[in-house]
There are 2 protein chains.
Amino acid sequence: MLYGDNAYFAIGQQSVLVPVPVFVRGSASIVGSKEGKGPMGELFDVVSEDDYIGCDSWEAAESCLQRQAVSMTLEKTSMTPKEIRYLFAGDLLSQSMASSFGLQDFNIPLFGVYGACSTCGESLTLGTMAVCGGFAGNVMCVISSHFASAEKEFRYPLSYGNQRPLSAAWTVTGSAAFILSSEKTDNDLALVTSFTTGKIVDYGLKDSFNMGCCMAPAAADTIFRNLKDFQRHPCDYDKIITGDLGKVGKTVLLDLLNEKGLDITEQYMDCGMEIYDPNTQDCHAGGSGCGCAAVVLSAYVLKQLASGNWHRVLFVPTGALLSKTSYNEGNTVPGIAHAIVLERINR
Amino acid sequence: MLYGDNAYFAIGQQSVLVPVPVFVRGSASIVGSKEGKGPMGELFDVVSEDDYIGCDSWEAAESCLQRQAVSMTLEKTSMTPKEIRYLFAGDLLSQSMASSFGLQDFNIPLFGVYGACSTCGESLTLGTMAVCGGFAGNVMCVISSHFASAEKEFRYPLSYGNQRPLSAAWTVTGSAAFILSSEKTDNDLALVTSFTTGKIVDYGLKDSFNMGCCMAPAAADTIFRNLKDFQRHPCDYDKIITGDLGKVGKTVLLDLLNEKGLDITEQYMDCGMEIYDPNTQDCHAGGSGCGCAAVVLSAYVLKQLASGNWHRVLFVPTGALLSKTSYNEGNTVPGIAHAIVLERINR
């Protein structure tokens with residue numbers, strides 16, 4: 001059995017060991033009002049009190065979030081759009097419209113990516129390949145989601161006032177951008193050292209209001225694969241961080257890994273469970289959306305690595321592959337999860 | 001001004017010279033009944049007389065097209081799914097549903113990409129980076145579109161029987177898959193030698209029934225950039241091939257390049273203008289959809305390179321970045337075009 005073993009940097013079945021350091025040079029995050037009131041509120045670069053971000057549609061607001069995340073990241077790193085060779089961008093809207101209308105002014109060659117809420121992991125993986133392979137000096141990854149545009153896209157427009165079951169998650173309004181670079185500077189936040197790319201995993205679940213359960217098998221698969229491919233134990237990571245499984249998905253994930261003889265309870269963290277206060281913010285299962293993992297990575301995880309509190313984390317954004325049409329046609333909700341390993345820079 | 005110039009293989013503003021050969025090891029195409037009756041009908045691997053491909057929805061039919069394209073490509077190259085390190089897949093449906101439900105059985109790590117009808121160029125570019133960078137031995141790119149699922153997604157369900165203006169294009173029902181490999185074999189079809197990644201270009205046009213016009217400025221931009229970055233002339237290519245500009249977009253493209261002092265009339269070919277017979281097939285401006293460029297590349301262009309008829313081509317799939325929502329909200333239709341250079345293998 002071959003697993004692409006003629007590739008220099010391929011490890012095991014699904015992983016890659018990054019041979020040349022790729023630096024996370026900088027990042028910025030912007031979130032909506034609800035996220036600003038959550039436990040991480042003070043960590044985000046900007047909290048917008050107006051969830052329309054000054055625009056006249058939810059879609060335009062989401063585009064504006066992406067634009068501001070990119071601009072702030074350039075500003076924080078004192079870089080110009082001309083220094084960014086490629087953008088890797090994605091969101092949850094049909095035909096990735098938040099990216100298409102958010103990023104054109106920067107005039108940077110664009111790769112549109114789609115991995116549902118795993119998009120942050122996918123874009124950082126592809127960006128790492130571009131930099132590490134010598135095809136780009138600097139690239140930027142940008143990801144967004146918006147509660148109101150997502151409700152309209154996947155469920156009911158807000159004005160319908162529909163009820164949501166307790167297993168439902170709350171789509172995060174927010175965007176984060178990240179610059180990956182081949183060049184070391186004094187202010188780099190972390191290193192990307194390896195990645196494990198996920199497969200579609202479908203356990204046949206059909207409840208689009210319980211996406212945590214639908215995505216948990218994919219997260220389990222990717223985490224298991226990462227540990228096997230690198231012959232690591234959970235304790236080799238300070239944290240194993242999923243994107244937005246929420247409290248229902250978390251239980252399923254821990255159970256599935258237990259069945260494989262892995263206990264990650266001690267290292268486990270889920271961005272969706274950290275971003276809102278479950279006691280005061282009525283967010284049901286937790287936060288979700290591809291912006292969820294992205295803004296928590298930007299505002300919290302990278303800072304823990306940059307300050308040296310954490311040494312190495314496995315960051316695993318998780319996506320539920322569904323659309324309004326697939327749901328209405330009675331299809332299942334397959335999941336996918338893309339993992340990247342981020343490490344502290346030794347100074 | 002820096003243009004990512006610390007990247008080893010970056011050329012000029014937007015291009016990359018592939019430093020290690022990437023071989024197109026094999027490819028297969030499947031199309032619907034209308035495409036089978038067109039001028040290229042005999043070149044496709046499979047023509048399905050049933051546009052539902054035996055399924056009970058248009059979306060499931062499109063997923064089935066992708067599945068068959070992948071299976072046939074594996075069969076033609078005597079490869080197994082385990083030998084393919086990554087899939088790069090995309091389509092036109094909301095949240096890329098054709099890929100999500102078409103590819104899970106292969107159990108291959110997946111990168112979902114979205115570039116509207118430029119997706120074929122985008123996936124081949126990212127696949128080339130993965131192989132050339134040493135992250136994968138073999139990858140597969142797969143792209144699809146379906147006339148009926150696209151009409152439902154972007155315009156009106158077929159049963160409405162709406163009329164279409166003469167500037168409208170006909171979305172190609174079809175899928176093609178391509179294996180890119182670092183390893184040379186006796187039956188490789190062509191080499192990927194460089195690429196030029198496009199930016200979003202928006203001339204402010206809003207007519208979603210005239211996508212050729214909306215995409216032409218992006219095609220002009222990418223073709224111009226490719227020629228400048230490599231200091232080439234149009235005659236350095238046997239063909240300069242756009243995806244689906246159609247006859248209206250063609251005129252705009254040639255005019256725009258003429259304004260920049262470039263005449264590509266002699267080399268120019270558009271996949272959308274070749275796939276149907278304009279006299280007998282009532283296709284208006286021509287074929288479109290991300291399947292259009294993909295199946296013409298698979299069935300025609302690669303064969304011309306493999307047989308030695310052509311030496312070097314610039315393949316430029318073109319995408320119109322719109323959604324039903326962006327259209328209904330009165331937005332423009334920005335374009336994007338991703339070019340790859342394919343060359344004959346000297347034996």
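Modeller: Start with the contact between the two chains. It takes 65 residues from chain B and 65 residues from chain A. Keep in mind that this is a predicted model.

Colleague: Which elements give two or more residues to the side of chain B that touches chain A?
Modeller: Helix H3 (97–102), strand E5 (110–112), helix H4 (119–132) and helix H10 (324–328) of chain B.

Colleague: And which gives the most?
Modeller: H4(B), with 5 residues.

Colleague: What is that side like by class?
Modeller: On chain B, the side touching chain A has 31 nonpolar, 23 polar and 11 charged residues.

Colleague: New topic. How do helices H2 and H5 of chain B cross?
Modeller: H2 covers residues 58–76 and H5 covers residues 147–154. Their axes come within 8 Å and cross at roughly 130 degrees. H2(B) and H5(B) are therefore oblique to each other.

Colleague: Is that crossing left-handed or right-handed?
Modeller: The crossing of H2(B) and H5(B) is left-handed.

Colleague: Which residues meet there?
Modeller: From H2(B), Trp58(B), Glu59(B) and Glu62(B). From H5(B), Ala148(B), Ser149(B) and Lys152(B). By class, this H2(B)–H5(B) contact has 2 nonpolar, 1 polar and 3 charged residues.

Colleague: Now the largest nonpolar core. Which residues touch the most other members?
Modeller: Leu87(A) and Leu87(B), out of 245 residues in that core.

Colleague: What is Leu87(B) in contact with, leaving aside neighbours within four places in sequence?
Modeller: Leu87(B) contacts Leu103(B), Ile108(B), Leu110(B), Phe111(B), Met140(B) and Val142(B).

Note on methods. Residues are numbered from 1 along each chain as its sequence is written. Chains are lettered from A and ligands numbered from 1 in the order in which they are written. This is a predicted model: local features need pLDDT of at least 70, side-chain atom pairs count only at pLDDT 80 or more; totals for chains, interfaces and linings use all residues. Axes are lines fitted to C-alpha atoms, for helices over the stretch in contact, and angles run from 0 to 180 degrees between N-to-C directions. Helices (H or I, at least four residues) and strands (E, at least two) are DSSP runs, numbered from the N terminus. Angles under 35 degrees count as roughly parallel, over 145 as roughly antiparallel, 65 to 115 as roughly perpendicular and the rest as oblique. A crossing is left-handed if the near helix is turned anticlockwise from the far one by less than a right angle, and right-handed if clockwise. Two residues are in contact if their C-beta atoms, placed from the backbone, lie within 7 Å. Ala, Val, Leu, Ile, Met, Phe, Trp, Tyr, Cys and Pro count as nonpolar, Asp, Glu, Lys and Arg as charged, and the others, Gly among them, as polar. A nonpolar core is a set of buried Ala, Val, Leu, Ile, Met, Phe, Trp, Tyr and Cys residues joined through C-beta atoms within 7 Å. A residue is buried if 20 or more other C-beta atoms lie within 10 Å of its own, exposed if 12 or fewer, and partly exposed in between; C-beta atoms are placed from the backbone.
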